[in-house]
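Please look over the chain shown below before reading on. The briefing that follows takes its parts topic by topic.

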Amino acid sequence: MNVYFLGTGTSQGIPVIGSNHSVCQSTDLKDKRLRVSVWIHWENHSYVIDCGPDFRQQMLVSNCQKLDGILYTHEHSDHTAGLDDIRPFFFKQGDIPIYGHQRVLANLKLRFDYIFQIENKYPGAPSVHPIEVVNNHPFQIGNKRAIPINVMHGKLPVFGYRIDDFAYLTDVKTIDESEISKLKNLKVLVVNALREEVHHSHFNLSEALDFINLIQPEKTYLTHISHIMGFHEQVQQKLPKNVYLAYDNLEITI
Ligand SMILES: [Zn+2]
């Protein structure tokens with residue numbers, strides 16, 4: 001299975017529009033971060049986790065040819081605003097399956113009403129096949145099983161997903177003991193680390209490192225990164241063994 005980091009930035013992306021911050025001005029490509037998302041593909045199966053406002057650009061850069069479904073973590077715009085751009089996939093493949101918490105599907109229905117409309121639908125609009133994700137109910141994607149992991153993004157419950165020995169958790173601030181037990185024996189964990197300062201709804205760097213220590217995956221990639229975390233190259237040097245800052249267009253094989 002290949003995991004392609006489509007975006008590794010926090011909600012505004014890096015560079016932030018109009019920012020003179022040195023990280024936003026950096027010419028290192030690893031300091032340019034689109035909104036957070038990964039593309040997971042194996043054999044002829046192809047899924048993305050989240051579909052933010054940079055989705056179109058991400059699909060072009062990664063050369064993704066086919067989309068079997070979108071797994072949503074939660075409804076915030078940096079994770080969902082690109083839904084309209086599934087159109088080229090819809091035209092080729094038909095309705096695109098979208099997986100998410102009932103609350104997330106209801107929110108998308110409200111914000112993208114024309115996509116969910118059945119009667120008098122505008123001919124160019126895409127269609128989706130919504131599939132509700134329920135905690136403790138693993139579901140099938142292609143020939144693999146996806147296990148939902150319920151985490152808390154401040155007060156908002158958010159889903160992470162485990163597929164084989166890979167787990168993707170973004171926008172985590174706290175996680176229950178019962179969910180931690182689903183994260184044993186991971187080869188690769190992806191988890192958010194926003195910045196060094198504490199934040200009300202995201203792990204900061206030290207909280208993410210404590211969490212990694214608890215889970216003990218073989219390797220961890222940090223994502224959902226703010227420009228105030230610092231330069232990629234400098235932050236990477238501070239990280240413990242087997243912990244890496246993810247960056248856009250990094251592809252790993254698991
Ligand atoms: Zn986010």
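**An open sheet and its surroundings**

Seven strands form an open sheet in the order β7-β8-β9-β10-β11-β12-β13, with mixed pairing; here two strands pair if DSSP finds at least two bridges between them, and helices (H or I, at least four residues) and strands (E, at least two) are DSSP runs numbered from the N terminus. Its edge strands, each pairing on one side only, are β7 (139–141) and β13 (243–245). This is a predicted model, in which local features need pLDDT of at least 70 and side-chain atom pairs count only at pLDDT 80 or more, while totals for chains, interfaces and linings use all residues. Residues are numbered from 1 along each chain as its sequence is written.

- Strand β8 (residues 144–153) pairs with β9 in the antiparallel sense over eight bridges, and valine 151 stands opposite valine 158 in β9.
- The hairpin of β8 and β9 has two residues between the strands, and glycine 154 in the turn has a positive phi of about 65°.
- Strand β9 (residues 156–163) pairs with strand β10 (residues 166–169), again in the antiparallel sense, over three bridges, and tyrosine 161 stands opposite tyrosine 168 in β10.
- Two residues also lie between the strands in the hairpin of β9 and β10, where aspartate 164 takes a positive phi near 55°.
- Six of the eight residues of β9 are buried, a residue being buried if 20 or more other C-beta atoms, placed from the backbone, lie within 10 Å of its own.

**Helix α2**

- In helix α2 (residues 55–62), the buried residues are Phe55, Gln58 and Met59.
- Seen down the axis of α2, these buried residues fall within an arc of 100° (the arc of the directions from the helix axis to the C-beta atoms), so they line one face of the helix.
- Among the elements that cover the buried residues of α2 are β1 (2–7) and β2 (37–42).
- Asparagine 63, which follows α2, has a positive phi near 60°.

**Core and annotation**

- The largest nonpolar core has 65 residues, and those touching the most other members include Val38, Val48 and Tyr161; such a core is a set of buried Ala, Val, Leu, Ile, Met, Phe, Trp, Tyr and Cys residues joined through C-beta atoms within 7 Å.
- According to an unreviewed UniProt entry, the annotation "domain: Metallo-beta-lactamase" covers residues 35–202, and such annotations may be inferred rather than shown by experiment.
- Over residues 35–202 the chain is 22% helix and 32% strand, with the end C-alpha atoms 15 Å apart.

Technical notes. Buried ≥ 20, exposed ≤ 12 C-beta atoms within 10 Å, placed from the backbone. Contact = placed C-beta atoms within 7 Å.
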